[in-house]
Amino acid sequence: MELQLQPLNLPSDQERAFIIAGPCSAETEEQVMTTAKQLAGKGCHIFRAGIWKPRTKPGGFEGHGELALPWMERVKEETGMLTATEVATPEHVELALKHGIDILWIGARTTANPFAVQALADALQGSDATVLVKNPVNPDLELWIGALLRINGAGIQKLGAIHRGFSSYEKKLYRNDPMWQIAIELKRRLPQLPIVCDPSHISGRRDLIASLCQEAMDLGLDGLMVESHCNPEEAWSDASQQVTPEVLDFIVSRLVFRDTKGQADKLKDYRHEIDALDDELIELLAKRMKVSRNIGQYKKEMGLTVVQTRRYSEILDKRGAQGSLLGIGRECIKSIFENIHEESVRQQMEIFNK
Ligand code: PEP
Ligand code: MN
């Protein structure tokens, strides 16, 4: 199955990545408006706030729900920013759309549950919303892709993914292990799909956000979602990972955005060149194996052994020296020829056993 996508067309920060910023939770109208105005003042275009909060244990602040949606409408009216919030049930979808929320995201705990994702997909059918799907809490790329397919299957084409790291039993440096390879593999599998990095939920700590933002940009991800609060220490949820709009602006101003467009063409050329060389390498290897099989046949007829250690050492020495002369490490050549030799022996054994 393939995704049918349309561009997100989200306003980006000076043609760099698009940045979604705002508090973990919408706590009070005043906190929402103060944070939004400060962010807008720093040139931020997309405001996030959790209206319904998935909490690990009961008793924490679970969000104001519908009551807080008019605050998001005020943000839009008074700052011109787009608004984004998490939806976890069909009722959330209906209410968020009714109150003009521009971007709906599916939280990590919800993505992990195909029943819940399908219920959201059904509720989204026929709407023009932009939907971002966070990775599931567990490191399961297929589950993440499955959720994207379900939402896309409901006709949602303005679709993206959010990489927020993966939970693990052991507590390590990060609250959620980034496991970048999963985000990279998602990009390889679905190259057209925009991916946003959420360094706040990966790190769980504000001092690690800047370096994670830079890493995400270096890997060619398309945007960032960062939790920002006018008074982070007093936040009702995720206090330790939120930064003020001032600090966020500082972080963003220091980011190095690689020129991925210009580089992309050049990279494409180099990759074509590499692909052509790899083709030749494989063809050559196949030719070498054919000769090796002929040798196997000959050894069999002459009653010789398959492995002749003197000849093998001679190859390793000769090619090792040649490699060093051409700037390839001796060890590398050695391991390549060990592998080739192993396959040669396997093919000759096949002939012997026929
Ligand atoms: C959030 O963005 O506030 C949130 C709850 O995130 P996640 O689903 O990634 O835990
Ligand atoms: Mn949060």
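Two strands are said to pair if DSSP finds at least two bridges between them. The legends below describe close-up views of a predicted model.

**View 1. Strands β3 and β4 lie parallel.** Strand β3 (residues 82-86) is joined to β4 by three bridges, and the two strands run parallel. T85 has L104 in β4 as its bridge partner.

**View 2. A helix takes part in a unit with β3 and β4.** Together, β3, helix α3 (residues 90-98) and β4 form a β-α-β unit that is right-handed.

**View 3. Strand β5 pairs with β4.** Four bridges connect β4 with strand β5 (residues 130-134), in the parallel sense. Opposite I106 stands V133 of β5.

**View 4. Strand β4 is covered on both faces.** In β4 (residues 103-106), I103 and W105 are buried on one side.

**View 5. Four residues supply the protein donors of the manganese ion (ligand 2)**. The donors are C24 through SG, H201 through NE2, E227 through OE and D238 through OD, at 2.1 to 2.4 Å from the ion. Along the sequence, the donor residues follow the spacing C-x176-H-x25-E-x10-D.

**View 6. Two of the manganese donor residues, C24 and E227, are buried**. The relative accessible area of C24 is 2%, so this residue counts as buried, the cut-off being under 20%. E227, with a relative accessible area of 1%, is likewise buried.

Notes:
Residues numbered from 1 in each chain as written. Chains lettered and ligands numbered in written order. Predicted model: local features only at pLDDT ≥ 70, side-chain atom pairs only at ≥ 80, totals over all residues. Heavy atoms only, no water. Donors = N, O, S within 2.8 Å, 3.2 Å for Na, K, Ca; no water. Buried < 20%, exposed > 50% of the residue type's maximum accessible area, 1.4 Å probe, protein only. Right-handed = clockwise from strand over helix to strand, strands pointing away.
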